[in-house]
Amino acid sequence: MKHSIVGMALVAALSFSGAVVSGDLRGPVASGSPIVVAHADASNATRGIVQDENGEGTCPWNYTSDGVMHIGAGTLPPATRTVHHAPFGDYYSWTGTLAAILGALSNDGHVVKTISFDGPVKAPENASHLFYQLNMVNNMDVAPQIKNLNRLDVSETTNMTDMFASSGQLAIDVSSFDTSKVTSMQEMFDGNNNLTSNIVGLDHFDTSQVTDMGKMFNEIGDGYHDVKLDLSHFDVSKVHHMDYVDDYGDNVSRSGFDKMFYLNGKTVTIDLSGWKPQVPLDNLMGDGTHLSKITLSPDINLTDTSFPQKNSDGTSALDQKWENIRDLYSADPNKKTYNLTDIATLYQQGSLDKPTTDETYVMEPDVTPGNPVTIHYVDQDGKTIQADTQLPGDLGATYTVKPATIAGYHYVKATDGSLTGTYTSDPQSVTLTYKAVPKPSPSESSSSSDSANTKDPDQVKMVAKKDRAITAVKKLGFYHTTEFSRKTRQYYYAKQKRTLRPQFVITGVARSKSGFKRYLVRDVTPGSKRYGMTGYMTAKRAFTVHTYYQHAPKQVKVIQGTNAYRDKALKKHVRHLKRGTVLRVKKLVRYHLTTRLVLNDGSYVTSNKEKVIEK
């Protein structure tokens, strides 16, 4: 039996220590799941069939040098349930076959960046743990990201327990999923604290047969984006109280909504309008959920433990003031306010004051916000040339729109809305019109460049220009706008040792009101929770360096294991280079936003300063 094709459960457990966590499944044992103990044997295969030890599964797979695991047409097997014998009694754990294969590839030195469904691929009836613990492969580095989920057919699936649990995804799009036969969504998205955006496609879910939603959205969000869950269309009429024997033989009793939400976002919005549950929403949210807005239907029955009791910093969440969103802009000093206990009491069974319509409650802000001003950027034909931005502010405060500098365009005028005004409770927008700048001839371009370098000393002090990769070498602020302040700061990047320094790509250069130059950058730090986020940072030379060498050093030393390749695209692998290896460099060549070092033997290696250092 080949290691790379079947019998992978124990391999995964050995490949990434702790990947198989005992007692994780808290619901009843899923039917049709084989109880097996796998055996590992050594291999270095990069292709096979996605099968379990019983021979279930027909999808061919192959790993390519660009870090992609391709999965072809066929049917996936169910997860493997492994029995463990311990002094206190037997218990079991689960291993998804995909995670097991990836764990073995990682053990053989292959880093899988992407799982691509090249399908069509049929999910099993029991699709529990399908992408379970992908965040444990690649030696705990960036989890492989799932691509082409629209080619995964889940129309016959009934069990989605832990389907994406701890999968390490930055984004999840399940808009193609047919969930009409699913009965369990317990812990379906649990543990995805790398998500940098909201789950897409939940509005398409058919939950009419679902009986268990416990921990469905437990530990969701990276803490830096606003988490929004619109579940207003969810049919929760069959979700009920759960009584069962757990993994250790103990009798367990819990709500089918038990800790359904534990959300980590800058703000958290949950919409439960239209819900008609048949049981109380007991223990609905875990402590630490940063709840800031919630919409409730009149058919919801809340209990004393439905809302979080503590904030993430340990302070009481019950002391915060809330109000009905209809009163948000009211100047009445006697308007009704609530705490979370008041809201729960209002929605308890038998409450005489229970609302009869859907109602939305918001945490009372220190200062009432105005409706943000939306800024549109168009050319003279009305075509969008840059993504819309929003300018937030307090109700009644004055706003000023400063036209952004856009490469290749000159600002003309505001064709809709006003550049200055006052924030109101109503939405406002401003449309800025730009004119395309004719491209200069090569001689004019050279002259212009020389002039900028001689007349603008600030430009000379900058490390890099647009479309270059840079690395932070000092503590560095990351801001929403070119005006740096505590209010506009998104995050502080701490000073790190060389191999852990934050990395960015410059997407533009702008100036503050005082004329200081700023980089507009995108975070591209591998494994960062802020990966893909954009913001402004200082352009001062002392804070950043080029991520890649811009000159050809005579020789370099490998400080993190890397590879040599036959081409500058780094696709045709030649050999692995261990830490400490000294390499003689022939020349440097540029490749897209990066550079490569050409060695004396003609092979290519990265010039990333986190991988190699000049000797």
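In this predicted model, Lys 122 and Asp 153 form a salt bridge, with their closest N and O atoms 3.0 Å apart. Lys 122 belongs to strand S8 (residues 121-122) and Asp 153 to strand S10 (residues 152-153), so the pair ties together parts that are 31 residues apart in sequence. Both partners are partly exposed: the relative accessible area is 25% for Lys 122 and 31% for Asp 153. A search of the whole structure brings the number of salt bridges to seven.

Another of these salt bridges joins Asp 212 to Arg 254, and here the closest N and O atoms are 2.6 Å apart. Asp 212 sits in the loop between S10 and strand S11 (217-220), while Arg 254 is part of strand S14 (residues 251-254); the two are 42 residues apart, and the pair links distant parts of the chain. Asp 212 and Arg 254 are both buried. Glu 323 and Lys 335 form a further salt bridge, with a distance of 2.9 Å between the closest N and O atoms. This pair, too, links distant parts of the chain, 12 residues apart: Glu 323 lies in strand S18 (residues 322-324), and Lys 335 in the loop between S18 and helix H3 (340-346). Glu 323 counts as buried because its relative accessibility, 1%, is under the 20% cut-off.

Most residues other than glycine have a negative phi, and most peptide bonds are trans. Against that background, the peptide bond from Gly 119 to Pro 120 is cis, with omega near 15°. Pro 120 is found in the loop between strand S7 (114-117) and S8. Asp 162 has a positive phi, near 55°, and its place is in the loop between S10 and S11. With a relative accessible area of 0%, Asp 162 is buried. Leu 570 likewise has a phi near 55°, a positive value in a residue other than glycine. Its loop runs between strand S34 (562-565) and strand S35 (573-577), and Leu 570 is buried at a relative accessible area of 17%.

Leu 291 is another buried residue, with a relative accessible area of 4%, and lies in strand S17 (residues 291-296). Beyond its neighbours within four places in sequence, Leu 291 is in contact with Val 268, Ile 270, Met 285, Phe 307, Trp 322 and Met 363. Leu 291 and Phe 261 are 30 residues apart in sequence, and their C-alpha atoms are 9.8 Å apart in space.

An open sheet of five strands has mixed pairing and the order S1-S2-S3-S7-S9. Its edge strands, each pairing on one side only, are strand S1 (47-50) and strand S9 (145-147). From one strand to the next, the twist averages 25°. Within the sheet, strand S2 (residues 59-64) and strand S3 (residues 68-71) run antiparallel and are joined by four bridges, with Trp 61 opposite Ile 71 in S3. H2 lies across S1, S2, S3 and S7, running at about 140° to S3.

Finally, Thr 525 occupies the loop between strand S30 (517-523) and strand S31 (534-538), where it is buried with a relative accessible area of 12%. A polar atom of the Thr 525 side chain lies 2.8 Å from the backbone nitrogen of Gln 503. Neighbours within four places in sequence aside, Thr 525 is in contact with Arg 501, Pro 502, Gln 503 and Tyr 531.

Note on methods. Residues numbered from 1 in each chain as written. Predicted model: local features only at pLDDT ≥ 70, side-chain atom pairs only at ≥ 80, totals over all residues. Heavy atoms only, no water. Buried < 20%, exposed > 50% of the residue type's maximum accessible area, 1.4 Å probe, protein only. Contact = heavy atoms within 4.5 Å. Salt bridge = Lys/Arg side-chain N within 4 Å of Asp/Glu carboxyl O. Polar contact = N/O pair within 3.5 Å; in protein donor to acceptor, adjacent residues only side chain to side chain. Pairing = 2+ DSSP bridges. Axes fitted to C-alpha atoms, helices over the stretch in contact; angles between N-to-C directions.
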